[in-house]
Amino acid sequence: MGIIYQPLESSRYTNSTAQIPCYICETGNTYEAELCHNCFAPMALAHQANAQKVKPDMLGVVGASGVGKTVYLGMLMDMLSRRTMTGQRMHMLARGAFSLTLQQTAIAALSQREFPAKTPNEPERWHWLHSQLSMVSHKKPLELIMPDMSGEALMEEVNRPFTYRGVRSFLSKCSGLLVLVDAAAMTRGSREQDYYSMKLLNYLCELDDDQKHGWPNSPLAIVLTKADECESAFENPAAFVQHHAGGLHQLLHERFRKFDFFAVGVAGACATRYVRGQGYIPVPLRIEPRNIIEPFEWMVKHL
Amino acid sequence: LHRRFGSQHFDFQQESFIMQNWNVWKVMSSWGVIGALVGLLGWIQSNPFLLTLGSVAAIWFVWTCYGEFIQRLRDRKNQLLTVSLHKEDDTLPPDEVTMEDLISSMTREGRYGLLLRPQIAIDLWPEQITAAKEKLFNEMGLIPSGEVELHSASISGHDQRNQDRSTTTQIEFVPSYFLDRYPITNRQYQTFVDAGGYAQTSLWDPEILPAVLEFTDSTGQPGPRWWRNGKFLSGEESFPVVGVSWYEALAYARWSGKRLPSGAQWVKAASWPVPVSATRLKQRQYPWGDCMENGRANLWDSGLGRVVSIHEFNTGANISGVHQLIGNVWEWTETDFVDPQMEEQDFENGILKSIRGGAFDTYFDHQAASQFESADNPLSRKHNVGFRCALNWDEISLGDSNEESSNGMSTEDVVSVVHHLQPVRPVNETALADEELELAITNHDAEKTDFSIAENGQWARTSQVVCETSEEGNP
């Protein structure tokens, strides 16, 4: 009579009992956890980092609600993934199916002449990108994590720290930040973008103001979005910010060392249309991305 | 010298001759007076010597004056001819340009649309008609008449394929018309700028005149947005002109005797519909077929990322040889942008004008398809929006071929018409009525008369001068 080896059922739970730290907030989670129970970041980020034995860099794309973070990230991802290494400098490849969801939803909406739906405030519903960036100038590809965070959640965290732990943890670990500012709103005379950006930058300095390794020495790209509605932003972004957001301009020069200004546009033209029950909504009449890659390229260069 | 201006030149020249050579004239006239007095004295005293001396002096005086005057006239004539032959543009003042020169320069500048109007063409020489027609067929493709399906997708954002929700189909009949084979280039637009097109108020709608002063280039001179000092940038002469508003495009079209194509006309040229049954049309997504092919149009996927010359991407032409309908630059059309799903066009931006064809930075291929319609503010001057012009078949005189069918011609007629165009009038009847023609061709003198587009979309005149001088009346 032969011996039958039967693994004990309890041994199957050994993986579950080991705590897997979240890649964003380093809180321990069970192996099967899909999202971190603390910051709601996907645990797939941690699993992929462990499996590849590579620590991805984190890049933040932040800005006020409605500034165009989802559109920018989706378009950036799509443009870089459509490019080929033969003729272009960079190529991005998504890691994991979850990384493609943002690109898919953003591009599907834009191709139908709609802007994608507003990112919800609940962190568990945010889209996270984990991608591999290949560059002609680098032999080894770069691993990047970029979340699409809600502008309102960001503002809430800035106003009341520790409200959104995921935001705080992410910004603490971020290597660089693309601060999106609505150029069209600034042209219309709104100061909200100026105040929002200044609050955010002050919050970053509070997080880590070390002159060598903290935010003052980290790269900041000030990205003017919706610049297709104000051509002067394309011509001289720095002068545009100085003219329309003097506070932000002064703050940057006094507290930060690595920063630059960019203007981007995704829609070639927009119409503002009245819809009953919804009020006036912007509609992209056609999609013509301009300068989308430049701020990202500058950021990667300064990481 | 031209017979119309001869007397003016004579008076001016004589006066200037006398004034400039006053000292010489004083001496010569003194000798002439002395000679005449001597002759008179000889006649009174019956002295043949004095009479002969005085007569010789008077004859010498008259002969000298006459010789000088004739020499001056010859010099002036040579000077005028030299200027006419060597001056390439058409900026000569009206009093120094012959009518023949004016007509040939208009033909050269692409303003044959004006020359071929029936009431003007009737007064032209056959050679001039032939030259204008050659230019027309070289520069414009003939789009045959027929029906075209227009798919209007709602900008509320539903998927275009889901036609029952968001897309309405409308069938429109388009009479035959000519469409520029290429978008208007910087070089062509330079001619318009140099001719003072921005200063000719008759070319612009009255309500837009305040804005015309703002239609300047980067140095403040009248012209497209990215020009400098009223000139296009070096090396870009064959690039489509961009940075022009809808009104500037319209002004150019009026100046050249053409118009902007309507949306239906543009789609007709790009999709080339063929009736496959009594109720169904087979239309193409792109001028070459139903699939996007990167080498045929300058879109985002072609990777160039900039406007290119009109002579590139030749394989993207439609059947009648109209190039770059798809890609490179968007093209203004005459039509207002209308969302079929909206009961009222509640755009906060006001009226939008339809643009078609996509540009070098159009990201999605389907947004450059022949049916896709985008829009922009008519005052906007974008880096990727240009235009081309159209000319309705029934608005021009091409001989007997187009007189019978007012609603255009079928595809079968196209080739035959091209090969059988005849001059409008027999040679012996084409006496050039200079004065009538001078009144008709008045874009050099905008105050007299000009063409404009009336509210019903038909050509109309702002002056009755031409209509009165035309034998056949207004078309």
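A residue is called buried when its relative accessible area is under 20%, exposed when that area is over 50%, and partly exposed in between (1.4 Å probe, protein chains only). By that rule B:Gln324, with a relative accessible area of 4%, is buried.

This is a predicted model, in which local features need pLDDT of at least 70, side-chain atom pairs count only at pLDDT 80 or more, and totals for chains, interfaces and linings use all residues. Residues are numbered from 1 along each chain as its sequence is written, chains are lettered from A and ligands numbered from 1 in the order in which they are written, and side-chain values use heavy atoms, with hydrogens and water left out.

**Stop 1: chain A as a whole**

Chain A has 12 helices and 11 strands; helices (H or I, at least four residues) and strands (E, at least two) are DSSP runs, numbered from the N terminus. The radius of gyration of chain A is 21 Å, close to the 19 Å that the globule rule gives for 303 residues, so chain A is as compact as a globular protein of that length. That radius is taken over C-alpha atoms, and the globule rule is 2.2 Å times the number of residues to the power 0.38. Along the principal axes, the C-alpha atoms of chain A fill a box of roughly 85 × 45 × 45 Å. Of its 303 residues, 53% count as buried. Among contacts in chain A with a separation of 6 or more, 67% are between residues 24 or more positions apart; contact means heavy atoms within 4.5 Å.

**Stop 2: the loop between E2 and H2 of chain A**

Select A:Tyr31, which sits in the loop between E2 and H2 of chain A. At 43% relative accessibility, A:Tyr31 counts as partly exposed. Now select A:Phe40, in the loop between strand E2 (28-29) and helix H2 (44-52) of chain A. The phi of A:Phe40 is near 65°, a positive value in a residue other than glycine. A:Phe40 has 31% relative accessibility and counts as partly exposed.

**Stop 3: helices H3 and H4 of chain A**

Select residues 69-82 (H3) and 98-111 (H4) of chain A; the axes of these helices come within 8 Å and cross at roughly 100°. That makes H3(A) roughly perpendicular to H4(A). Axes are lines fitted to C-alpha atoms, for helices over the stretch in contact, and angles run from 0 to 180 degrees between N-to-C directions. Angles under 35 degrees count as roughly parallel, over 145 as roughly antiparallel, 65 to 115 as roughly perpendicular and the rest as oblique. Show side chains: the contact includes A:Leu73, A:Met77 and A:Ser81 of H3(A), and A:Leu102, A:Ala106 and A:Leu110 of H4(A). By class, the contact of H3(A) with H4(A) has eight nonpolar, five polar and one charged residues. Here Ala, Val, Leu, Ile, Met, Phe, Trp, Tyr, Cys and Pro count as nonpolar, Asp, Glu, Lys and Arg as charged, and the others, Gly among them, as polar.

**Stop 4: helix H6 of chain A**

Select residues 165-173 of chain A, helix H6, whose buried residues are A:Gly166, A:Val167, A:Ser169, A:Phe170 and A:Leu171. These buried residues pack against strands E3 (57-63), E5 (127-135), E6 (142-148) and E7 (176-182), and against helix H5 (151-159) and H8 of chain A.

**Stop 5: helices H8 and H11 of chain A**

Go on to H8 (residues 192-207) and H11 (residues 246-255) of chain A, whose axes come within 8 Å and cross at roughly 20°. H8(A) is therefore roughly parallel to H11(A). Among the residues in this contact are A:Met198 and A:Leu201 of H8(A), with A:Leu248 and A:Leu251 of H11(A). The contact of H8(A) with H11(A) divides into six nonpolar, four polar and two charged residues.

**Stop 6: chain B**

Switch to chain B, which has 15 helices and 13 strands. Of its 475 residues, 51% count as buried.

Select B:Gln265 in helix H12 (residues 263-271) of chain B. B:Gln265 is buried, with a relative accessible area of 8%. Leaving aside neighbours within four places in sequence, B:Gln265 is in contact with B:Val174, B:Tyr177, B:Leu260, B:Ala390 and B:Asn392.

Finish at B:Gln324, in the loop between strand E6 (281-282) and strand E7 (330-336) of chain B. The phi of B:Gln324 is near 55°, a positive value in a residue other than glycine.
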